[in-house]
Amino acid sequence: MEVFVLDEPTPASLLRRVAGQRYPADTGQVRSWFPSDEACLDYLDWLRWPDGFEYPRGGHRGAGTELTGRYRCRGCRTQVSVTSGTIYPRTRTPLTVWFDVAAVRAEPDVYGQVASDPTISRLLALLASDVDAAERAINTARRRAREAAWARAGSHAPSHHVTAKNPLVIDLDATLVTAHSEKENARATFKKGFGFHPLLAFADHGEGSGGEMLTCLLRPGNAGSNTAADHKTVIRQALVQVGLGPRPGKKVLIRIDGAGSTKKTIEELVKRRVSYSVGFTLPANTPEVYRIIPEHVWEPAYDPDGTPREGADVAELTGLLDLKDWPEEMRVIVRRERPHPGAQLRFEDVDGYRLTAFATNTTQGQLADLEVRHRRRARCEDRIRAAKDAGLRNLPLKSFAQNRIWCQIIALASEITAWMGLLALPDSSARRWEPKRQRLRLFQTAATFARHAR
């Protein structure tokens, strides 16, 4: 990795550059040396003025007052930024991003030829100038690449021999992304933060495997959790990405948490003819309905491994609720469980039980199996955590359109790592590794390129 300074001569002490001492030796050291912009600024400061600050034009050596990321010359009172005169002046992109790019560029044998920082910046600006057309083109390329990857994966592909009993699973969920500075469309969130509220869809690869991002709809921070229009958009885009048609039937299962329990969202799922398992908000008269259910109706709930879960039961409430305005085939299944010791009780707890419900149009199977299938939607949280490790934790750009392009880059990163598991590690536990472990165990493994037989 090299950081270039344009108007400063290279200090004599840096002419003998040693990996791991003068500059990072690998991507692991890049991550550990530069966890924040402040660490990057300190490194640039040391590169430019290893013997102390010197005003570039006045020769006032050692004279200066240190400010935040800049110096003020005591002789002429001129302020000098640490990044001025480098390739990072006035950049709005975090320095950690540029340092990561520099680390990738330093390994052309592994990553190929990487564009320069100005070229990357100009490309993002160009794509953002017509972001809708750019997203359509990127999504088309992603869909075609997914078809090829899943075809090569054979029996390990999520779409292999999907049926109503063994469907392809798509999980929808939203997350909050904090903005630490003023960015376009960053708004106050319902958790009293500030930033964005993207809605995402993932294809689940099953137990023991990972998943891949299908779509990411970037939204302002004040976007609603249960906005039906946004859910419709993400459902449509996700179905396009899996390549099974706009109405694939029951061989596709879409799982959503309670944010999807709106009539318009479920009507969209019915129109698409897919199977669904959606969190359901119980009505205000739930205590009265609960006390009507005979005790012998409750069935033991299961743990994910299929063993009965102590203190948890499931039952069906479909015939006891007013569902006349909901789709005809919809069933409502409720789970009751005693709160764990130390858990804070809620006003909606009934007779000491915590009740949660979900709606589904699956008519076959035991209630406990359907309830376990719905709770496995929690794996979506793992996919979101991996996406944040791949760049979704902070959106680095000021323009909303440019950040939409950034989300497309994150989706590409999610897919590439997921396809690596499908094609290269199909029977290995490494398929479940998240980006941090992949970097440590795979991407930083010492190796030598062999271009001949010996």
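**Ground rules.** I number residues from 1 along each chain as its sequence is written, and side-chain values use heavy atoms, without hydrogens and water. Because the model is predicted, local features need pLDDT of at least 70 and side-chain atom pairs count only at pLDDT 80 or more, while totals for chains, interfaces and linings use all residues. Helices (H or I, at least four residues) and strands (E, at least two) are DSSP runs, numbered from the N terminus.

**Helix pair.** I looked up how α6 (residues 131–153) packs with α7 (residues 228–242): the angle is about 45 degrees and the axes are 8 Å apart. Axes are lines fitted to C-alpha atoms, for helices over the stretch in contact, and angles run from 0 to 180 degrees between N-to-C directions. That makes α6 oblique to α7 (under 35 degrees is roughly parallel, over 145 roughly antiparallel, 65 to 115 roughly perpendicular, the rest oblique). In contact (heavy atoms within 4.5 Å) are Asn139, Arg142, Arg143, Arg146 and Trp150 of α6 with Val240, Gln241 and Val242 of α7.

**Sheet.** I traced an open, mixed sheet of nine strands, ordered β9-β8-β4-β10-β11-β15-β14-β13-β12. Two strands pair if DSSP finds at least two bridges between them. β9 (211–217) and β12 (299–302) are the edges, each with a single partner strand, so one side of each has no neighbour in the sheet. I found β8 (residues 199–204) antiparallel to β9 over six bridges, and Leu199 has Leu217 in β9 as its bridge partner. Helix α8 (residues 263–271) packs on the sheet and touches β10 (252–256) and β11 (275–280). The direction of α8 makes about 170 degrees with that of β11.
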